[in-house]
Amino acid sequence: MSYSGQGQLSAGPKTPIAIKKQRGTYRADRDMGKIELKPMDSIPLPPDTFNSWQKNEWLKICTTLYNTGVLHEVGLFIIEIYVRESALYLECMEEIETKGYYVEIVDAKGNKTTKKSPAVDVANLAFSKIMNIAGHFGF
């Protein structure tokens with residue numbers, strides 16, 4: 001369970017029926033009325049706009065989901081977001097490693113102040129999105 005921020009506990013993402021069946025935890029009485037999606041027949045190519053790291057990550061994730069029978073066409077956009085956020089996170093972490101957690105800011109008057117790098121907040125937000133999506137896919 002996780003805290004929803006609204007004063008309530010939430011159960012977290014629902015486990016797909018295909019994964020429940022693989023784990024042996026599927027119960028028809030609990031999943032009545034739920035839609036069971038047809039798995040894809042093949043692994044789709046990554047978007048053309050991806051760089052080589054993103055293409056490899058796409059193929060790794062899609063292959064894993066395909067092999068477990070839970071790769072569905074409706075989930076491809078979410079996988080694309082996951083891969084983009086992962087690349088953004090890694091880019092921000094590289095910037096933090098090279099430039100530091102704190103950066104020096106010089107204003108128009110030449111005054112210098114030290115502040116947390118904007119890359120830290122971007123990395124934290126990207127990581128939060130990555131973990132949220134990963135939970136929905138069961139990894």
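Select Tyr66 to start: at 31% relative accessibility, Tyr66 counts as partly exposed (buried is under 20% relative accessible area, exposed over 50%, partly exposed in between, with a 1.4 Å probe and protein chains only). This is a predicted model, in which local features need pLDDT of at least 70 and side-chain atom pairs count only at pLDDT 80 or more, while totals for chains, interfaces and linings use all residues. Residues are numbered from 1 along each chain as its sequence is written, and side-chain values use heavy atoms, with hydrogens and water left out.

**The patch**

Stay on Tyr66, which lies in helix 2 (helices are DSSP runs of H or I with at least four residues, numbered from the N terminus). With Tyr66 they make a nonpolar surface patch of about 210 Å². Patch residues have over 30% relative accessible area and no salt bridge; like charges are joined within 9 Å, and nonpolar side chains (Val, Leu, Ile, Met, Phe, Trp, Tyr) within 5 Å. The areas come from the Shrake-Rupley method with a 1.4 Å probe, and for residues only the protein chains shown count as cover.

**Along helix 2**

Next, select Lys60 and Glu57. Their side chains meet in a salt bridge, 3.1 Å from N to O (a side-chain nitrogen of Lys or Arg within 4 Å of a carboxyl oxygen of Asp or Glu). Both residues lie in helix 2, residues 52-67. They sit three residues apart, about one turn of the helix. Is Glu57 buried or exposed? Glu57 is buried, at 12% relative accessible area. Lys60 is partly exposed, at 49%.

Now pick Gln54, also in helix 2. Gln54 is buried, with a relative accessible area of 9%. Which residues does Gln54 touch, not counting those up to four places away in sequence? Show Thr49, Val83, Arg84 and Ala87. Contact here means heavy atoms within 4.5 Å.

**Over to helix 3**

Glu80 and Arg84 are about one helical turn apart because they are four residues apart in helix 3, residues 76-99. Arg84 is partly exposed, at 33% relative accessible area.

**Last stop**

Select Asp121 and Lys116. They form a salt bridge, with the closest N and O atoms 2.9 Å apart. Asp121 is partly exposed, at 43% relative accessibility. Lys116 is partly exposed too, at 36%. How many salt bridges are there by this rule? The count comes to six.

Key. Helix = DSSP H or I, 4+ residues; strand = E, 2+ residues; numbered from the N terminus.
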